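This briefing walks through a protein model, beginning with the fold of one chain and going on to the contact between chains. Please keep the sequence and the structure in view while reading.

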Number of protein chains: 2
Amino acid sequence: MVKKGKKREESSDLEIESLLEAYKTFLSERQLKFTEQRKVIITEFVKSGGHLSAEDLFRIVKKKASNVGLASVYRTINSLVDAGLAEERHFLDKTSVYEIHKPGDHHDHLICLKCKKIFEFENEAIEDQQKKVAEGLGFALKKHKLELYGWCQRSNCPNY
Amino acid sequence: MVKKGKKREESSDLEIESLLEAYKTFLSERQLKFTEQRKVIITEFVKSGGHLSAEDLFRIVKKKASNVGLASVYRTINSLVDAGLAEERHFLDKTSVYEIHKPGDHHDHLICLKCKKIFEFENEAIEDQQKKVAEGLGFALKKHKLELYGWCQRSNCPNY
DNA sequence: TTTGGTGCAAACAATTTGCACTATA
DNA sequence: TATAGTGCAAATTGTTTGCACCAAA
């Protein structure tokens with residue numbers, strides 16, 4: 001238990017650190033500035049595990065640094081997306097949610113229609129097949145978006 | 001040439017007719033009314049082939065019936081979605097586009113990042129694999145959304 | 001000390017809603 | 001003729017932007 005908790009924390013810390021490093025590099029390469037606000041926003045974003053809206057992230061950030069404005073949350077996330085370090089997603093709702101994007105890593109999503117929990121997965125066979133379909137239609141495949149919706153079987157999933 | 005054009009027209013007419021029938025049934029079952037506006041909106045929607053936003057559909061409809069308001073376009077489309085006869089989609093943009101949903105029919109999309117053209121396809125192998133993934137994670141799969149993005153090779157696709 | 005970032009409020013864009021009126025059932 | 005639908009304008013929601021001030025580089 002303690003071990004698991006500790007492990008999680010450490011890996012989250014590492015994740016934050018490496019993301020911040022990558023972001024700082026991106027910024028300095030184009031004479032942009034790394035600010036205290038950006039640090040808090042990104043840190044809380046990573047800690048949360050992602051998949052949250054700008055508004056939700058804003059609420060979390062405000063608790064840590066009450067002076068941060070919603071506009072800065074939007075600006076920081078957009079900047080992260082520009083840097084290729086985050087991705088915008090639209091699941092069930094119209095509002096955008098964001099997730100960290102580690103270069104090289106890519107995954108798809110499984111969303112529970114009852115509890116709204118979002119799971120991630122990777123599947124080689126599906127990707128191969130997608131490539132075949134695209135090629136068959138004369139398409140040079142650049143990216144894809146696959147979302148599976150269903151009912152999960154977690155014991156605490158409400159029958160909503 | 002003539003034959004092809006005629007065929008298309010006929011099938012579009014049939015499509016409109018059967019969609020309107022299904023919609024009328026839906027409406028009368030719950031004491032809702034089938035109005036002249038709804039008829040024009042849905043007819044133009046089908047004729048257009050779908051994949052357009054409320055605003056775009058509104059522009060088309062206004063040419064046929066200048067009295068129709070944007071709100072009615074939204075209300076009609078939403079009502080069609082409620083009836084299960086249309087589906088909302090979000091591709092590259094934030095604005096919703098809609099498409100006709102024929103019960104039983106389902107397909108995925110291939111979108112050209114250069115010319116924005118939307119192609120539809122179906123692939124059994126991908127669907128099978130999706131089912132396996134979901135089952136493997138203890139999910140009862142209800143629906144899915146797959147979008148492939150790439151570059152098409154149509155001669156008239158602009159290098160945008 | 002230059003210039004990009006910030007918070008705030010105003011602006012925007014997409015969509016929904018309240019209301020007096022109209023048309024379908 | 002009762003009630004759902006309509007057009008219009010106002011309201012809402014999510015997101016972006018202009019501006020005077022602040023803080024990284």
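In what order do the elements of chain A run from the N terminus on? They run α-α-α-α-β-β-β-β-α-β, and the secondary structure of chain A comes to five helices and five strands, where helices (H or I, at least four residues) and strands (E, at least two) are DSSP runs, numbered from the N terminus. This is a predicted model, in which local features need pLDDT of at least 70 and side-chain atom pairs count only at pLDDT 80 or more, while totals for chains, interfaces and linings use all residues. Residues are numbered from 1 along each chain as its sequence is written, chains are lettered from A and ligands numbered from 1 in the order in which they are written, and side-chain values use heavy atoms, with hydrogens and water left out.

**Chain A**

- The C-alpha trace of chain A spans about 50 × 45 × 35 Å along its principal axes.
- In helix 3 (residues 54–64) of chain A, D56(A) and R59(A) lie three residues apart, about one turn of the helix, and their side chains meet in a salt bridge at 2.6 Å, N to O.
- Over all chains the structure holds 14 salt bridges, a salt bridge being a side-chain nitrogen of Lys or Arg within 4 Å of a carboxyl oxygen of Asp or Glu.

**The interface of chain A and chain B**

- Chain A and chain B each give 30 residues to the contact, contact meaning heavy atoms within 4.5 Å.
- About 2,900 Å² is buried between the two chains, 72% of it on carbon and sulfur atoms; buried area is the accessible area (1.4 Å probe) that two parts lose on being put together, summed over both.
- On the side of chain A that touches chain B, strand 3 (108–112), strand 4 (118–121), helix 5 (124–136) and strand 5 (140–151) each supply at least two residues, and strand 5 of chain A gives the largest share, twelve residues.

- Six strands form an open sheet with mixed pairing, in the order 4(A)-3(A)-5(A)-5(B)-3(B)-4(B); two strands pair if DSSP finds at least two bridges between them.
- Strand 4 of chain A and strand 4 (118–121) of chain B stand at the edges, each with a single partner strand, so one side of each is left without a neighbour in the sheet.
- Strand 5 of chain A and strand 5 (residues 140–151) of chain B run antiparallel and are joined by eleven bridges; K143(A) stands opposite Y149(B), and the bridge partner of K145(A) is E147(B).
- Within chain A, strand 3 and strand 5 run parallel and are joined by four bridges, with L148(A) as the bridge partner of L110(A).
- Within chain B, strand 3 (residues 108–112) and strand 5 pair in the parallel sense over four bridges, and I111(B) stands opposite Y149(B).
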